[in-house]
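Have the model open beside you as you read.

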Amino acid sequence: MSSTNNVAFTAPINPPGARPVITPEQTWKGLLLKIRSAETFVPGAIQSTRVVSESIDSLTGNAVTVREVLFRETQKKVLETVTAFEPARVDFDQPNGSKISNVISQGAGGELYMTYIFEWRHPGVSEVELAELLEKEKKMSQAAVEGTIKVLRQLVEEKKL
């Protein structure tokens with residue numbers, strides 16, 4: 001039996017009528033800020049972020065950040081390794097094997113999208129518990145994407161990105 005929930009959610013970064021329009025560059029800068037200050041983007045889930053180390057992967061040239069996040073609901077601190085794949089993706093790897101990707105993509109007409117992909121590991125839970133967690137995680141993934149876009153727009157309005 002699998003004890004993993006795989007969830008993805010996508011939303012347009014600039015839906016019709018949204019102002020200001022957020023550029024791909026501003027979106028990327030926002031994701032880089034999110035690495036250092038996750039609570040700015042998902043304050044309901046993350047209470048604080050502390051950067052432990054920063055380096056460049058010698059093989060790929062990608063920026064790698066080790067950070068400690070304090071989750072609000074559980075008050076649990078988790079050490080994450082975060083890899084930035086400029087300008088399209090940030091991967092968050094947790095010690096239990098859970099993975100999260102934040103992806104910036106473009107549609108055929110040049111429209112921008114934000115997708116979060118979650119691979120949540122729940123070793124030892126029952127099928128019923130896993131199903132309950134899945135429903136919660138689906139809602140959380142939507143809230144995380146939409147919340148991040150809302151904060152990006154606010155930061156662009158405030159000329160902080």
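Two strands pair if DSSP finds at least two bridges between them, and the elements themselves are DSSP runs numbered from the N terminus: helices (H or I) of at least four residues and strands (E) of at least two. The model is predicted, so local features need pLDDT of at least 70 and side-chain atom pairs count only at pLDDT 80 or more, while totals for chains, interfaces and linings use all residues. Residues are numbered from 1 along each chain as its sequence is written, and side-chain values use heavy atoms, leaving out hydrogens and water.

Look at R50: its bridge partner in β3 is E68. Six residues lie between β2 and β3 in this hairpin, and G61 in the turn has a positive phi of about 80 degrees.

Next comes helix α1, residues 24-36. The expected span of a helix is 1.5 Å times one less than its number of residues, so the 13 residues of α1 should span 18 Å, and the 19 Å between its end C-alpha atoms agrees with this. Buried residues (under 20% relative accessible area with a 1.4 Å probe, protein chains only; exposed is over 50%, partly exposed in between) include W28, L31 and I35 in α1.

What about the core? A nonpolar core is a set of buried Ala, Val, Leu, Ile, Met, Phe, Trp, Tyr and Cys residues joined through side-chain atoms within 4.5 Å. The largest one has 32 residues, of which I13, V90, I104, M114 and F118 touch the most other members. Its largest share, seven residues, comes from α3. Counting contacts as heavy atoms within 4.5 Å and leaving out residues up to four places away in sequence, F118 touches N5, N6, V7, K99, I100, S141 and A144. With that sequence limit, E119 also has K99 among its contacts, along with T4, N5, N6, G97 and S98. E119 lies in strand β7 (residues 112-121).

Finally, the charges. Nine salt bridges (a side-chain nitrogen of Lys or Arg within 4 Å of a carboxyl oxygen of Asp or Glu) are found in the structure. One of them joins D93 and K99 at 3.4 Å, N to O; D93 is partly exposed at 26%, as is K99 at 38%. Another links E135 and K138 at 3.6 Å, three residues apart in helix α3, about one turn.
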